[in-house]
Every structure is written in C-alpha cells, then in structure tokens.
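Here's a walk through one protein model, written to be read with the structure open beside you. Grab your viewer and follow along.

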Amino acid sequence: MDYRGKIALITGASSGIGRVTAVAMARRGATVVAVARREGLLQELIDQCRPYAPKSVYYCGDLGEREFAEGIVDTTVQRFGRVDFLINNAAISKHKQIYHMSADEADQVMRVNFQSTVWTTLAAIPAMLNNDGGTIVNISSFASKVSPPREVMYAASKAAMNAFSEGLWNDLAGSNIHVALINPGPIDTEIWLKEDEPPAYNGKKYPPEIVTNAIFEAIEKRRFEMTIPKRNPMLITARVLRLFFPSLLRFGMRKSDPIPTDVIDRARQRAKRGKRLGDLNDE
Ligand SMILES: NC(=O)c1ccc[n+]([C@@H]2O[C@H](COP(=O)([O-])OP(=O)(O)OC[C@H]3O[C@@H](n4cnc5c(N)ncnc54)[C@H](OP(=O)(O)O)[C@@H]3O)[C@@H](O)[C@H]2O)c1
C-alpha cells in the first residue's frame, strides 16, 4: 500500500504502541496526527516523524473530554482535508481491586478507553465517506476476552470496544470504511509501570512492534479481528478455559492473585461506616 499523502490520526501516541506505530506510519510516508496529554513527548515524536512526513503534527489534550476527542478529528479534517487511518489506541488501566475503585475512576476508564473511541469514530465517519473510505483500527486487549484480576473496569471498557467495533464493522459494510480490532496480550510498554496496584503477571512481555505490524496487516489485508501475539499457548489456554471451564479459570486466577482476607475485612469495615467504594481517606 502506498501511504504517501495519507493522514493517520493516532491517539495515545506519546508512548508505547501508539508511539512505535506513529513512527512506522511516518516512515512509510503518511502524515501523522499524534494525540495524547504529555506535550514534551509528543513534540519529540513529531521531530522524529518530520524527516519522513514533514506535515506531521500533534494535538495535546484529554481524550476523556468529548469536545477534545471530536475536535481532534474536526481539526485534522480542516487542516488536511481528510483522515485515512483513525487508530484509537489511548487507554489507562486502573489496575486495582474493585473494593478500591471509585465511581469516578470507573467513569474515567470508560471515557478514556471506550467513549473516546466512539467520539472520534463518529466524527471521522463523515470525513471518510467524503473521501471514499478509510480504516478505523481499535486497539483493544486480550482482557476483553478474559478479564484478569483487578482489571474489572479496564476489561469492561475493552469488551465494550470489541462489541462497538463488531457492530461498526457490520454497519459500515459497503461504505469502503474498514474496521479492525486488535487484541494485544502482554506488551512491554510503560502501561505496566502506571498500575495502581502491583500486577501479578510476571511472564513474557512482547515488543510493541508486533502490535504495530498487526495494525499494518489489518489495514492492508482488511483483517477484522486479530489477537497478538498470534497462536500464543498462554492466551489460547486462557481463552479455552474461559469458554468451557470458567470456574477453573477463576480458581487459577485466585491462586495467582489472591484477594487477601484483610482487603475484604477492611472493605466491610468501610461499608459499615457508610463509605462509598474508593473512599480510602481515613484508613
Ligand atoms: N501493554 C500491554 O500489555 C497492552 C496489552 C493489551 C492492550 N494494550 C492496549 O494498547 C494500547 C496502548 O497501550 P500501551 O501499552 O502502549 O501503553 P502506554 O504506553 O501507557 O500508552 C497509553 C497512551 O494513552 C495515552 N493516554 C492515556 N490517557 C489519556 C487521556 N486521558 N487523553 C489522551 N491520551 C491518553 C497516553 O499518553 P499521555 O499519558 O501522554 O496522555 C499514552 O500515549 C492501549 O489501548 C492498551 O489498553 C496494551
């Protein structure tokens, strides 16, 4: 595929998968529109892209805000006249026990991980229709298939993204807008360092490049759904257990990341004091 002259809007481009994908897009000649909150990192990224894609730009802001999410698409279309690839990649994990999760935190995970995808997508469809097509790539997670311990909201946001992507794929048939859904397994990025509570997983993590390669494969071969890494025994086993033996999977998860009885006891005490979940102030 010839990427020159194409416009790629990538959310969550300041680090990890988004950043690697942005550089790879620029190297292929596509103009990158990079979005995230950390301006210094976005500026560095754009400096790296410009030798290959001189018109590349960044927009800095919070994708949890609908106005900003819609605005980045509108501004891109005003500036470049089109958007060819919309890569919805930004996310936060909020890795914590449900007993410690506030309603505001749950809301924030849904807004950043899922709602922002809806907002950018709805804003981008008319522009893609005007230009006879485009590709929307949604970066979900294997957690959408098997919800790991302490990832209840993250997994819910990704499962919503998967259902949205599937419906979109069906609804956009015949429009020349392709929809792709990528479910990464453990990838070696800074998301693991931003966890609110320590992650139990200490197995192999794969380089972000494998997800970037899957994004290009999805665009070029019009794949719908891909789990990355492909044919990974750990992911296949987890999926089979989830489908056919969910109680066994739950047992295994409790073994690998037990819920200490004192966590439940303290939550019970807070409940007796009439506290809401996530209100840990007087502990
Ligand atoms: N790494 C893994 O093991 C793994 C596994 C499965 C799925 N994934 C998915 O892969 C995608 C990329 O994650 P990653 O691993 O590359 O992690 P990452 O390095 O932490 O990247 C997350 C990106 O999202 C941006 N972001 C977060 N909150 C934002 C907000 N409110 N507004 C705008 N941008 C925001 C971050 O930038 P700022 O902080 O600068 O805003 C950052 O660029 C995510 O959708 C993640 O769920 C990752």
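## Before you start

This is a predicted model, so local features need pLDDT of at least 70 and side-chain atom pairs count only at pLDDT 80 or more, while totals for chains, interfaces and linings use all residues. Residues are numbered from 1 along each chain as its sequence is written, and side-chain values use heavy atoms, with hydrogens and water left out.

Helices (H or I, at least four residues) and strands (E, at least two) are DSSP runs, numbered from the N terminus.

## The sheet

Let's begin with the strand order. Seven strands form an open sheet, lined up as β3-β2-β1-β4-β5-β6-β7 with parallel pairing; two strands pair if DSSP finds at least two bridges between them. The edges belong to β3 and β7 (225–228), each with a single partner strand, so one side of each has no neighbour in the sheet. From one strand to the next, the twist averages 15°. Axes here are lines fitted to C-alpha atoms, for helices over the stretch in contact, and angles run from 0 to 180 degrees between N-to-C directions.

Is β2 buried or exposed? Six of the six residues of β2 (residues 31–36) are buried, so the strand is largely enclosed by the rest of the structure. Buried means under 20% relative accessible area, exposed over 50%, and partly exposed in between (1.4 Å probe, protein chains only). In a regular strand the side chains alternate between the two faces of the sheet. Both faces of β2 are covered, with Thr31, Val33 and Val35 buried on one side and Val32, Ala34 and Ala36 buried on the other.

On to the partners. Strand β1 (residues 7–11) runs parallel to β2 and is joined to it by five bridges, with alanine 8 opposite valine 32. The chain gets from β1 to β2 through helix α1 (residues 16–27), in a right-handed β-α-β crossover. Right-handed means that, with the strands pointing away from the viewer, the path from the first strand over the helix to the second runs clockwise. β2 also pairs with β3 (residues 57–60), in the parallel sense over four bridges, and valine 33 has valine 57 as its bridge partner there. Helix α2 (residues 39–49) sits in a right-handed β-α-β unit with β2 and β3.

## The β7 end

β7 has a covered face, made of Met226 and Ile228, and an uncovered one with Glu225 and Thr227. Four bridges link β7 to β6 in the parallel sense, and asparagine 183 stands opposite threonine 227.

Proline 229 belongs to the loop between β7 and α7 (233–244).

## Helices worth a look

Helix α3 (residues 66–80) lies across β1, β2 and β3, at about 155° to β3. Helix α6 (residues 209–221) lies across β4 (85–88), β5 (134–139), β6 (177–184) and β7, running at about 155° to β6. In helix α4 (residues 103–130) you'll find threonine 117, which counts as buried at 1% relative accessibility. What does threonine 117 touch, not counting residues up to four places away in sequence? Its contacts (heavy atoms within 4.5 Å) are Asn88, Asn138, Met161 and Phe164.

Now for α9 (residues 261–272). The buried residues of α9 are Val263, Ala267 and Arg270. They cover an arc of only 60° around the axis, which puts them on the same side of α9; the arc is that of the directions from the helix axis to the C-beta atoms. On the other side of α9, Thr261 and Lys272 are exposed.

## Positive phi spots

Just after α9, glycine 274 takes a positive phi of about 80°. Arginine 150 isn't a glycine, yet its phi is positive too, near 65°. Arginine 150 sits in the loop between β5 and α5 (152–171) and is buried, with a relative accessible area of 18%.

Arginine 222 is also not a glycine and has a positive phi of about 55°. Look for arginine 222 in the loop between α6 and β7, where it counts as partly exposed at 42% relative accessibility.
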